[in-house]
Amino acid sequence: MINGAHIVIYSRDAEADRDFFRDVLEYPHVDAGGGWLIFKLPPAEVAVHPTTGPETQELFLMCDDVEATMEDLTAKGVEFTQPVTEERWGRLTRLRLPGGGDVGMYEPRHERATGL
């Protein structure tokens with residue numbers, strides 16, 4: 001029986017991004033050995049979207065109030081790379097990881113599967 005999922009973020013500076021998840025987002029974690037941190041995530045969902053381009057995966061963090069979360073994270077030095085946009089499914093922004101990548105963050109307007 002499948003009982004979980006493991007998300008991988010590839011990074012040009014994995015140590016800095018691990019520090020970000022540990023120190024800025026304050027996600028609980030275990031050390032799998034040699035400083036290889038594995039983080040506990042909040043409840044998660046997966047969605048499958050159609051594409052005519054390359055098949056890729058993307059991480060979006062969800063929050064209840066995008067502006068308040070942006071304010072909290074900005075105070076911790078997080079850079080946002082996109083202003084909040086209004087989408088049919090939620091309010092979206094993007095934040096920069098220390099390693100140079102970015103992830104989406106949004107306030108959902110759709111029913112959340114995490115409550116099932």
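## Pairing of β3 and β6

Two strands count as paired if DSSP finds at least two bridges between them. In this predicted model, β3 and β6 are joined by three bridges and run parallel. Within this pair, L61 stands opposite M105 in β6.

## The sheet as a whole

β3 and β6 belong to an open sheet of four strands, whose order is β3-β6-β5-β4 and whose pairing is mixed. The edges are formed by β3, residues 60-62, and β4, residues 80-87, each of which pairs on one side only. On average, neighbouring strands of the sheet are turned by 25 degrees against each other, with direction ignored.

Strand β5 spans residues 90-96 and strand β6 spans residues 102-108; the two run antiparallel and are joined by seven bridges. One of the facing pairs is R91 with E107, the latter in β6.

The two strands form a hairpin, with five residues between β5 and β6. G100 lies in the turn and has a positive phi of about 110 degrees.

Buried here refers to under 20% relative accessible area. Six of the seven residues of β6 are buried, and therefore the strand is largely enclosed by the rest of the structure.

Definitions and conventions: Residues numbered from 1 in each chain as written. Predicted model: local features only at pLDDT ≥ 70, side-chain atom pairs only at ≥ 80, totals over all residues. Heavy atoms only, no water. Axes fitted to C-alpha atoms, helices over the stretch in contact; angles between N-to-C directions. Buried < 20%, exposed > 50% of the residue type's maximum accessible area, 1.4 Å probe, protein only.
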